[in-house]
Amino acid sequence: PETQKTPQQVQLELGQEIFDGKGNCFSCHKPDQKIIGPSIQEIANIYKEQKGDMVAFLKGKADPIVDPSQYEVMKTNFSITKNLPEEELKALESYFYSFAK
């Protein structure tokens, strides 16, 4: 019998799909190492500690708290993330938080 996925699993999968696909996040972010942008893990940890609002940030409505020096680079990606539906941004946020230590 097929096991039902929890809403959380569904959301994480959606988040990963956006990360690896149309969100194009993967081109600058990797799970545990900084390449162009900070790692997913670093972002998740800092947002958790500071109770940041990742969704607001991805909409271009919140200040950068992880790596302000890279903000100009990230701003060009808001053209993608600003247009994602709320549900997809929340899924992306959940995906990031799944890496938090």
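Biologist: Good to have the model up beside us! What makes you say that the radius of gyration of the protein agrees with that of a compact globule?

Modeller: The radius is taken over C-alpha atoms, and the globule rule is 2.2 Å times the number of residues to the power 0.38. With 101 residues, that rule gives a value near 13 Å, and the protein has 13 Å, so the two agree. Along its principal axes, the C-alpha trace spans about 50 × 30 × 25 Å.

Biologist: What should I keep in mind about where these values come from?

Modeller: This is a predicted model, in which local features need pLDDT of at least 70 and side-chain atom pairs count only at pLDDT 80 or more, while totals for chains, interfaces and linings use all residues. Residues are numbered from 1 along each chain as its sequence is written, and side-chain values use heavy atoms, with hydrogens and water left out.

Biologist: Thanks! How many helices and strands does the protein have?

Modeller: The protein has six helices and zero strands. Both are DSSP runs numbered from the N terminus: helices are H or I with at least four residues, strands E with at least two. Along the sequence this reads α-α-α-α-α-α.

Biologist: Now the rings. Why is the pair of Phe57 and Tyr71 called tilted?

Modeller: Rings of Phe, Tyr and Trp (its six-membered ring) pair if their centres lie within 6.5 Å; planes under 30 degrees apart are stacked, over 60 edge-to-face, and the rest tilted. The search of the whole structure finds six aromatic pairs. For Phe57 and Tyr71 the centres are 6.0 Å apart and the planes stand at 40°, so this pair is tilted. The pair links distant parts of the chain, with Phe57 in helix α3 (residues 54-58) and Tyr71 in helix α4 (residues 71-75), 14 residues apart.

Biologist: And what makes the pair of Tyr71 and Phe78 edge-to-face?

Modeller: Their ring centres are 6.1 Å apart and their planes are at 65°, so the pair is edge-to-face. Elsewhere, Phe19, Tyr95, Phe96 and Phe99 form one aromatic cluster.

Biologist: How do you know that Tyr71 counts as buried?

Modeller: Buried means under 20% relative accessible area, exposed over 50%, and partly exposed in between (1.4 Å probe, protein chains only). Tyr71 has 18%, so Tyr71 is buried. Phe78, at 5%, is buried too. Phe57 is also buried. Buried residues make up 40% of the 101 residues in the protein.

Biologist: Which parts do the buried residues of α2 pack against?

Modeller: They pack against α1 (7-20), α3 and α6 (86-97), where contact means heavy atoms within 4.5 Å. The buried residues of helix α2 (residues 40-50) include Ile40, Ile43 and Tyr47.

Biologist: What makes the phi of Asn24 worth a look?

Modeller: Most residues other than glycine have a negative phi. Asn24 is not a glycine, yet its phi is positive, about 60°. Asn24 lies in the loop between α1 and α2. Lys51 is another non-glycine with a positive phi, about 50°, and Lys51 lies in the loop between α2 and α3.

Biologist: Why are Asn24 and Lys51 given separate labels for accessibility?

Modeller: Asn24 has 31% relative accessibility, so Asn24 counts as partly exposed. Lys51 has 73%, so Lys51 counts as exposed.
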